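Visitor: I would like a close look at a single part of this structure. Please take me through it step by step.

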Amino acid sequence: MLVIQRRCGERTEEVYLSSYGDSSKIFTVTGTDLFNVMINGLQLAKDINKEDWTLFVDADMRLYDNALIEIQKILNGLNERYYNVGFALDDKFLKAPIYGVHAQSNLHIDKALNWINQFGKNSVKAESKNIKTFCTESNLLTKKINLVVGSHDFGQYYKDIYWKFLIRGIRRIDKLSQTINEYKSRKIDIEDEIALEGLKNSINFPNQNQCKRNLCDIGPIMDKYHVEEKDDMHISKELEDDKIMRYENVFELHHK
């Protein structure tokens, strides 16, 4: 199984990359447009074409110590009609785990790449929507596995937290008041405060295309809470005040 880390300047990209294991099977793609990074990742997997599966992991996601072993066990038991398998992550900000790690069969990646270049949609949540539509139209299978294999959004820059929640607020603009009230009830630290500011300010952006990641002005928010942007995180120095994951090993997700 190949592992491709997709980077857009996340604070944790180098630290998390070092946790993935065998470096000979780990590659990276970098960019600022999430859609193009997704396409570049598929192209890289196609070009390398040495393994049956490629695991795509964004640079704000950290895998647990035994994640790759457990993921490979599941992939080994699937038939050739499966194109995509999603695995869960423990999210820093949300109550429920998210399905953000995708394993995709190299047997179908060429076909998927051609389809996405022709018909793929470039928007927030584009990846999951494109995968579902591609599989339906191509008579292939996709599934989610109730296995939490890593963590998501721990240790990120304040500016990126703010931007993500601006986008989250825009996506849920019709339920924004409800979302804000829900989030107020569970905020516990300065990162949650900044996330909440992003939700509140999303009302000022009619659509997500006007809310570019590199243009978000977080200065007034930082001043309000008397904080400065976090230092860069390096492999040799995972800062002690950064809790970058709650767990260390893969665990099964039990829905209530």
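Guide: Start with methionine 222, which sits in helix 9 (residues 219-225). Helices here are DSSP runs of H or I with at least four residues, numbered from the N terminus. This is a predicted model, where local features need pLDDT of at least 70, side-chain atom pairs count only at pLDDT 80 or more, and totals for chains, interfaces and linings use all residues. Residues are numbered from 1 along each chain as its sequence is written, and side-chain values use heavy atoms, with hydrogens and water left out.

Is methionine 222 buried or exposed? Its relative accessible area is 8%, so methionine 222 is buried. Buried means under 20% relative accessible area, exposed over 50%, and partly exposed in between, using a 1.4 Å probe and protein chains only.

Now look at what surrounds methionine 222. Leaving aside residues up to four places away in sequence, methionine 222 touches Tyr158, Val227, Glu228 and Glu229. Contact means heavy atoms within 4.5 Å. Isoleucine 194 is 28 residues from methionine 222 in sequence. In space, the two are 8.3 Å apart, C-alpha to C-alpha.

Next comes helix 7, residues 176-184. Its buried residues are Leu176, Thr179, Ile180 and Tyr183. Seen down the axis of helix 7, these buried residues fall within an arc of 100 degrees, so they line one face of the helix. The arc is that of the directions from the helix axis to the C-beta atoms. Against what do the buried residues of helix 7 pack? They pack against helix 6 (158-171) and helix 8 (190-201).

Note on methods: Helix = DSSP H or I, 4+ residues; strand = E, 2+ residues; numbered from the N terminus.
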